[in-house]
Amino acid sequence: PTVPITHILIFRYDIDWRYLVNASQGDNKEEIEKAQNLLKGVQAAYQESHERASDAAKALIEAETREEASRRAEQEAKDRESDAHAAKAELEAALAEVKAQEDAYNSKTEDLKKKSET
């Protein structure tokens, strides 16, 4: 049976297998540095994107809140307009009643004047 070289190295030098697996292979510091720089660039772009998305979400919530407030204000205005129309109709009815009473009073006064003159 054959034994992989990694097993031999782990047992012979008594090292942690995680260290062996993650150790760099040869002299590739330039590539690692380049990859690290690319990773930092990607992380910065992700952070900026995440912040923009967060700001957009906050703006959306704020816009929805303002929209709901304007809907409530519109409904309140409609309710007040309805109340105003009802009050106007009530006042017109009361005015008509007062006018009718005034006409009846004037008519009665005219009748009484005519009767008193004859």
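Before reading off the fold, I set the terms: helices, of at least four residues, and strands, of at least two, are DSSP runs numbered from the N terminus. I also note that this is a predicted model.

**Entry: the elements.** I read the order from the N terminus and got α-α-α. The radius of gyration came out at 46 Å, well over the 13 Å that the globule rule gives for 118 residues, so the chain is more spread out than a compact globule. My count was three helices and zero strands.

**Entry: extent and surface.** I then looked up the span of the C-alpha trace along its principal axes, and found about 145 × 35 × 20 Å. How much of the chain is made up of buried residues? I found 1% of the 118 residues. For the accessible surface I noted about 11200 Å², with 56% of that belonging to carbon and sulfur atoms.

**Entry: rings.** I searched the whole structure for aromatic pairs and came back with zero. I did find a charge over a ring: the charged end of arginine 12 sits over tyrosine 13, 5.9 Å from the centre of its ring. The cut-off for that distance is 6 Å, so I keep the contact on my list.

Entry: Which loop holds aspartate 14? I placed aspartate 14 between helix H1 (5-13) and helix H2 (17-22). For context, most residues other than glycine have a negative phi. Is aspartate 14 buried or exposed? Its relative accessibility is 69%, and exposed means over 50%, so I logged aspartate 14 as exposed.

**Entry: a look along helix H3.** My last stop was lysine 88, which lies in helix H3 (residues 29-117). I logged lysine 88 as partly exposed because its relative accessibility is 48%. How far is the C-alpha atom of lysine 88 from that of glutamate 76? I got 18 Å for this pair, whose members are 12 residues apart along the chain.

Note on methods: Residues numbered from 1 in each chain as written. Predicted model: local features only at pLDDT ≥ 70, side-chain atom pairs only at ≥ 80, totals over all residues. Heavy atoms only, no water. Phe/Tyr/Trp six-rings, centres within 6.5 Å; stacked < 30°, edge-to-face > 60°. Lys NZ or Arg CZ within 6 Å of the ring centre and 35° of its normal. Rg over C-alpha atoms; globule rule 2.2 N^0.38 Å. Buried < 20%, exposed > 50% of the residue type's maximum accessible area, 1.4 Å probe, protein only. Areas by Shrake-Rupley, 256 points an atom, 1.4 Å probe, with all protein chains shown as cover.
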